[in-house]
Each structure stands twice: as structure tokens, then as C-alpha cells.
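Colleague: I am new to reading protein structures and would like to learn how to look at one feature after another. Could you take me through one slowly?

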Amino acid sequence: MGAAGRPEPYLVLVSEAMLQQTQVATVVPYFHRFIQRFPTLAALAGADEQDVLRLWQGLGYYSRARNLHAAARTVMAEHGGRLPRTRDALLTLPGVGMYTAGAVASIAFDGRAPILDGNVVRVLCRIDRIESDPRDKAMQATLWQRAEQILPAERCGDFNSALMELGATVCTPRNPKCLLCPVRLHCEAQSAGVQEQIPPPRKAKQTPLLSRAILCVRWGNRYLIEQRPPKGRWAGMWQFVTMDAAEPITAAALAKHVGINAATPRRIGSVNHGLTHRRYAFEIYAIDLTRPPPADLSPRRWVTLKELDIYPLPRPHVKVAAMLEQAGAAA
């Protein structure tokens, strides 16, 4: 624990980074493994990004891991190894937005800083009977102002934590427990009987479907993997050779994408994967080489399935590796 019994600032930073768009039950085991491996800001700052991504593997939204790593390095280089105490100073760190800055400033340092996550938004909208879409930019600004207005003079961290807990356990999206709510007498939505219509549901958006072919190229007991670009989806992580499924898997395509002669691909299965703004459909092919590969295929690497454990893989490729391992065990 930190000063006056408050949580260590570093632990708050890590937990809040992990909890963005991820449920608590999912985060808990990742948090414990992460802190065991990187117990301090200095340990995280000194780590290799690949190790950080590997520990984050399966948690998703990997930009959070890269930003957290960059923030730790910034703190060590520019703040003497100590997290800034104020919201404005915290906002200068890579990947730290208004919510994370407010959470760290208030929970770790008891600073007077508001927070606004989905649970708090729901509580505020119901108390004030705000029937507009809280995702609207202007409404977001209004809600931040409201969250700051209701802060007490002291123990802001406890207040913010209680507000989030209220939204998570009592003022729930469906079937809110209004009779148990400690602020029900101040809730305009409950008074009008419209609490379950607030906030209004998100308008459904059509999610694009992208098709890809994953080529599991094998020589002996080793598979060819490649690193993704340093920016974009799954940046810096590793994967089996992947191509657009719209492109026919011909000898010419294999020579283009794999760079070596290969036998006819065998389809061995499929993997579907959904993200917030898009969906993927992966068709999986096994490809055995017909002759020894070149000695150097840099920056690609040849690895056994067991050696994949040290590489951070996107979830679809983790599933592919499990598929290959199961096929090998059944052979």
C-alpha cells in the first residue's frame, strides 16, 4: 500500500490500463502475472516490449500494453521514477487519457480529480435524467463537468471508487436495484420510472468482415512465423504467414508470400475472431515444403510449436497453434 493506506500508484496505473474495455474477472489473473513479472515501474521500464506483449497476450487492445510500457519509460526518464501526482501531469504520459489520469490522481494520491467510465456515466445520466446519448462529444464534456462538480472536498479516491462500484453492482444497465440504491431519493430517472431507458442504447453499426488465409508453412517440426508491422492492428506481435483470402493460393502467390517452393496447401480448418470495429474470418492451410528452405529468411523465423511460447501472438494465431498441436498429437 502507498501513503495513508492508499494503493501503490504503479498498481493503480497497471490495473486501470488493463480494465479499459475489459471486465474485472478477465483482468485479475493477467494483473497478478504482470505484477509478478514487473513488480515496479523500473522493472517495467527496463523490460523488452516483446516480453510485455507476451504477458498481455489474450487480454486484447494491445496498444494499452505498448502505451503502459512507454509511460513507465517516460516516468523513469523524466519524473525520477515517480508517477506524477496531478491529473494534468499524468495526462502527459503516453496512452494516459482523462479517465486513467483521474483514477490514478484520485485513488493513488487522493487528488481532487473526476473519473468517467461507463458505470459512472450511467449513474450520472440516471440521477440527472439525461436522456441524450452520452457518447455525443458535447454530452461527454457536460458529464465530465458534472463528475467534477459532485466531488467531495476530501477522500476523492474513495468517492470515485464508490461511484464506479455503485454503477457496477446496483445501478446496472438492466434491472437496476433501485430499492437498494443509497441515492435513489436524488435520482430523477427513478422518480420518473425511466431508469431502464437511460442511457439510450447504442445505435447498431454494421461491422465489416475481413477474410484472411493463414499459411502454416512447415519444414520438419518448425513453422515459419513473421512479425507484424510496428503500427496498426496487433502491432509488433508475431503470426503465421498471413495473406488476403481474396487472393488465390497459387504457386505464384506462395512464392510471393512465402518466398520458397511448397507443396499444395491443405485446408485444415477455420478461425473466426471479432474485434470492436471489425470481424475476421481466417481460413487455415498447412503447407509442407518440398525442399530445404534458404538458410536465412529474415526477418521471419523458424520455430517449433513449443518455442512459440516466447512470442506474443494475436488470439487467432494462438488458436491456430493449438490446432496444429492437437493435429500433431493425434497423428
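Predicted model: local features only at pLDDT ≥ 70, side-chain atom pairs only at ≥ 80, totals over all residues.

Colleague: What helices and strands does the chain have, and how far does its C-alpha trace span?

Modeller: The chain has 13 helices and six strands, and its C-alpha trace spans about 75 × 50 × 35 Å along the principal axes. Of the 331 residues in the chain, 44% are buried. If you take the contacts with a separation of 6 or more, residues 24 or more positions apart account for 64% of them.

Colleague: How should I read the packing of two helices, for instance α1 and α7?

Modeller: Two packed helices are described by the angle between their axes and by the distance between those axes. In this model, helix α1 (residues 9–19) and helix α7 (residues 98–108) pack at an angle of about 150 degrees, and their axes are 9 Å apart. Angles over 145 degrees count as roughly antiparallel, and α1 and α7 are therefore roughly antiparallel to each other. The crossing in which α1 passes α7 is right-handed.

Colleague: Which residues of α1 and α7 meet?

Modeller: From α1 come P9, V12, L13 and E16, and they meet Y99, T100, A103, V104, I107 and A108 of α7.

Colleague: Is helix α8 mostly covered or mostly open?

Modeller: Helix α8, which runs over residues 118–127, is mostly covered, since eight of its ten residues are buried. Those buried residues are V120, V121, R122, V123, L124, C125, R126 and I127, and they pack against α9 (137–149), α10 (156–169) and α11 (188–192).

Colleague: Could we turn to single residues now? Where does H69 lie, and is H69 buried or exposed?

Modeller: H69 lies in helix α5, which covers residues 63–78. The relative accessible area of H69 is 4%, and because buried means under 20%, H69 counts as buried. Its side chain reaches the backbone oxygen of A47 at 2.9 Å. When neighbours within four places in sequence are left aside, the residues in contact with H69 are L44, A45, A47, D48, E49 and V52.

Colleague: And what does Y280 touch?

Modeller: Y280 is found in strand β5 and, at 6% relative accessibility, counts as buried. Not counting residues up to four places away in sequence, Y280 touches L209, L210, R212, R233, W234, V271, N272, H273 and L275. One of these, L209, is 71 residues from Y280 along the chain, yet the C-alpha atoms of the two are separated by 5.6 Å.

Colleague: How many salt bridges does the structure hold, and how should I read one?

Modeller: Side chains of opposite charge can pair when their charged atoms come close. The structure holds ten salt bridges. In one of them R155 pairs with D158, and the closest N and O atoms are 2.8 Å apart.

Colleague: Which parts of the chain does the salt bridge between R218 and D288 tie together?

Modeller: The closest N and O atoms of R218 and D288 are 3.0 Å apart. R218 lies in strand β1 (residues 209–219) and D288 in strand β5 (residues 279–288), so this pair ties together parts that are 70 residues apart in sequence. Both partners are partly exposed, R218 with a relative accessible area of 30% and D288 with 24%.

Colleague: How far apart in the chain are E226 and R300?

Modeller: E226 forms a salt bridge with R300, with 2.8 Å between the closest N and O atoms. The pair links distant parts of the chain, 74 residues apart, with E226 in strand β2 (residues 222–227) and R300 in the loop between β5 and β6. E226 is buried, with a relative accessible area of 13%. As a last point, salt bridges that share partners join R218, R266 and D288 into one network.

Technical notes. Residues numbered from 1 in each chain as written. Heavy atoms only, no water. Salt bridge = Lys/Arg side-chain N within 4 Å of Asp/Glu carboxyl O. Helix = DSSP H or I, 4+ residues; strand = E, 2+ residues; numbered from the N terminus. Buried < 20%, exposed > 50% of the residue type's maximum accessible area, 1.4 Å probe, protein only. Polar contact = N/O pair within 3.5 Å; in protein donor to acceptor, adjacent residues only side chain to side chain. Contact = heavy atoms within 4.5 Å. Axes fitted to C-alpha atoms, helices over the stretch in contact; angles between N-to-C directions. Parallel < 35°, antiparallel > 145°, perpendicular 65-115°, else oblique. Left-handed = near helix turned anticlockwise from the far one by under 90°.
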